[in-house]
Amino acid sequence: MKQKILFVCLGNICRSPAAHGVMESIVAREGLQDQITIDSAGTYGGHAGDLPDSRMCSAASRRGYNLTHRARRITEEDFYRFDMIVVMDDMNYENVSRLAPERKYINKMYRFAEFCRNHPQWSYVPDPYYEGREGFELVLDLLEDGCEGILEKIAK
Ligand code: 4NP
């Protein structure tokens, strides 16, 4: 049941590093650190090396998550290294699928919202970058919901 999960958004400074932090915290809670490995990346490399956006760090910190990931751009290599590549929106899906080394690797891709049980109205995780504080809270609500759904899928 060993699983390597990569969360992907555009900049790797808001949604995917938060998903990374939320999932790591669930994995620690369940004592599954030896079974589940988490990482995150962005399709755009402009923020490579940066810590997550300070607004996301504050919102996550209020819920008990400490985000320390340094942004990086996804590469084709990631399709070999990870079992699940979980993207936040359709644009991410499109950009990541273009990096797949072969067609069969697309089977590793998932849309994050498909794991959300309590937010049926959302088919994607909206980009909070140009939003206010509520945008970041909504993202965290979706991420907490979907990360529990991912755990459930893996445990099955
Ligand atoms: P993320 O948010 O994809 O959730 O990390 C964004 C971060 C940066 C930019 C856009 C979205 N940007 O345009 O620089």
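Reader: What does the backbone of Leu10 do at the ligand?
Author: A backbone N or O atom of Leu10 lies 2.9 Å from an oxygen atom of the ligand, a polar contact in the sense of N or O atoms paired within 3.5 Å. For Cys14, too, a backbone N or O atom is 2.9 Å from a ligand oxygen.

Reader: And which side chain?
Author: Arg15 has a side-chain N or O atom 2.8 Å from an oxygen atom of the ligand. The protein covers 91% of the 360 Å² of accessible area that the ligand has on its own (Shrake-Rupley, 1.4 Å probe).

Reader: What model is this, and how is it numbered?
Author: It is predicted; local features need pLDDT of at least 70, side-chain atom pairs 80 or more, while totals for chains, interfaces and linings use all residues. Numbering runs from 1 along each chain as its sequence is written, and side-chain values use heavy atoms, without hydrogens and water.

Reader: Who else is around the ligand?
Author: The residues with a heavy atom within 4 Å include His47, Asp127, Tyr129 and Tyr130.

Reader: How do the shell residues divide by class?
Author: Six are nonpolar, three polar and two charged; Tyr and Cys count as nonpolar, Gly as polar.

Conventions:
A polar contact is a pair of N or O atoms within 3.5 Å; within protein, one must be able to donate a hydrogen and the other to accept it, and residues adjacent in sequence count only if both atoms are side-chain atoms.
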